[in-house]
Amino acid sequence: EIKAMLETLGISSLDELVQKTVPAEILDDSLLNTGEPADEFSAIKLLKSIAEKNTVRRSYIGMGYTGTITPPVILRNILENPGWYTQYTPYQAEISQGRLEALLNFQTMVCDITGMEIANASLLDEATAAAEAMAMIARINPKRNCFYVSSSCHPQTIDVLKTRAEPMGIKLIVTDENKFVTDENTLGILVQYPTSDGKINDYADVCDKAHKNGILVAVAADLISLAILKPPGEWGADIVIGSAQRFGVPMGYGGPHAAFFATHKKYERKVPGRMIGVSIDVHGNPALRMALQTREQHIRREKATSNICTAQVLLGVMAGMYAVYHGPASLKKIAGRIHGLTKILESGLVKLGFEQLNSDYFDTLKIKSPKTAEIKMEAEKQSMNFRYFDETHLGISLDETSTLENVNDILRIFSKALGKSP
């Protein structure tokens, strides 16, 4: 077959094909230094030895990445099952009904928790989902070009928005949400709920003011917190995005994780990515299909809503199944337990003499301390990672895996930093 293809092209060898295809200034003829070939057993052994060099620490950094417990039944039957982990986009609906049903479940779960009307079948991650929200708002308000972003959003989200806004010609203004200037040139705003440093703000007035000026509001939300907090859809959000990582998907050194994207039904044709819908087959039975794929380059080409990867099927399925496994009552219980442990931690820190700055919070405390350097040194000795804002402020985020023992370990670190006996 190679010979036949080369003859068709009028080329004598694959090397000649490469030389005629790749520009000479970037063509590297040297052999790759890949080492000796290895069988599967040897390769796995080598990879394990490399992985063992990683330092495993307890992370309390937060910023959209927290510990979670993957139910064993999901770990066994989905994450480790090739029937699921090889899934991508269900283009052939007639052989993809199970996968489509799982993704429909993810969409339904996101709608229920966020209080929105429609949701897509997942996106790449929270930061790019925020960029997609900005792009969608720009399509809805094409004559405006100013987009406000709360400085309380996660820093990685702000960085991605800056990168995406520049080629789109959008003027991005990052500031405190109380300093937003919402005028006729403002197309939209983005706020974080709860904020990156843990505070829970009431954005109802911000939304009302924005809507009076024809401005759309996007909210980056923490999914598990919405089990006990008022969902953004009930206080005026037009788009709700975020990461579904907390729903049973391990942190994985920062990724990959499925994002969610929810909005109002009137914007369904503007939504990036895919949406699974219920239809009827030729026999009159209910059947599922991809109801919307407005992003796809093969359909819309340069008019595609997005050129970023727009599905994390396996991880979206896991997050949806996590919600099914626990059910509404248990999700509220998990969220309540996280918040309860955070309150215990706050109480202990205040007793030690530290000032906790968040009046309302879910799982993250912002602590003011002149002993931040000492705390960091002691925490690193105990293989713990906190978030350090500056020389006098640090943050601690708890999660589903946190225990009372962990809280006591943290308090011991703060106590030692003060020179007190633990």
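**Cavities, cysteines and strands**

Tutor: Let's start inside: the largest cavity has a volume of about 250 Å³. Keep in mind that this is a predicted model, where local features need pLDDT of at least 70, side-chain atom pairs count only at pLDDT 80 or more, and totals for chains, interfaces and linings use all residues. Residues are numbered from 1 along each chain as its sequence is written, and side-chain values use heavy atoms, with hydrogens and water left out.

Student: What makes something a cavity and not a pocket?

Tutor: On a 1 Å grid over the protein atoms alone, a cavity is a set of points where a 1.4 Å probe fits but cannot get out, while a pocket is an open set with protein on both sides within 12 Å along at least five of seven lines. Grid points are joined across faces, edges and corners, and the volume is the space filled by probe spheres set on the points. The whole structure has 3 cavities of 30 Å³ or more. The largest pocket comes out at about 530 Å³.

Student: Which residues lie nearest the centre of the largest cavity?

Tutor: Gly-64, His-154, Asp-222, Arg-246 and Asp-363, out of 22 lining residues; lining means having an atom within 4 Å of a point. The lining divides into 6 nonpolar, 12 polar and 4 charged residues. Here Ala, Val, Leu, Ile, Met, Phe, Trp, Tyr, Cys and Pro count as nonpolar, Asp, Glu, Lys and Arg as charged, and the others, Gly among them, as polar. For the largest pocket, 17 residues do the lining, including Arg-57, Met-251 and Tyr-253.

Student: Why is Cys-111 called buried?

Tutor: Buried means under 20% relative accessible area, exposed over 50%, and partly exposed in between (1.4 Å probe, protein chains only). Cys-111 counts as buried because its relative accessibility is 13%. Cys-146, at 6%, is buried too.

Student: What makes the buried residues of helix H12 line one face?

Tutor: H12 covers residues 372-381, and Thr-372, Ile-375, Glu-378 and Ala-379 are buried. Seen down the axis, the buried residues fall within an arc of 130°, so they line one face of the helix. The arc is that of the directions from the helix axis to the C-beta atoms. On the face turned away sit the exposed Ala-373, Met-377 and Lys-381. Helices (H or I, at least four residues) and strands (E, at least two) are DSSP runs, numbered from the N terminus.

Student: Why are E11 and E14 called edge strands?

Tutor: The open sheet has 4 strands in the order E11-E12-E15-E14, with antiparallel pairing. E11 and E14 each have a single partner strand, so one side of each is left without a neighbour in the sheet.

Student: How do you know that E14 and E15 pair?

Tutor: Two strands pair if DSSP finds at least two bridges between them. E14 and E15, running antiparallel, are joined by 3 bridges, and they form a hairpin with 2 residues between them.
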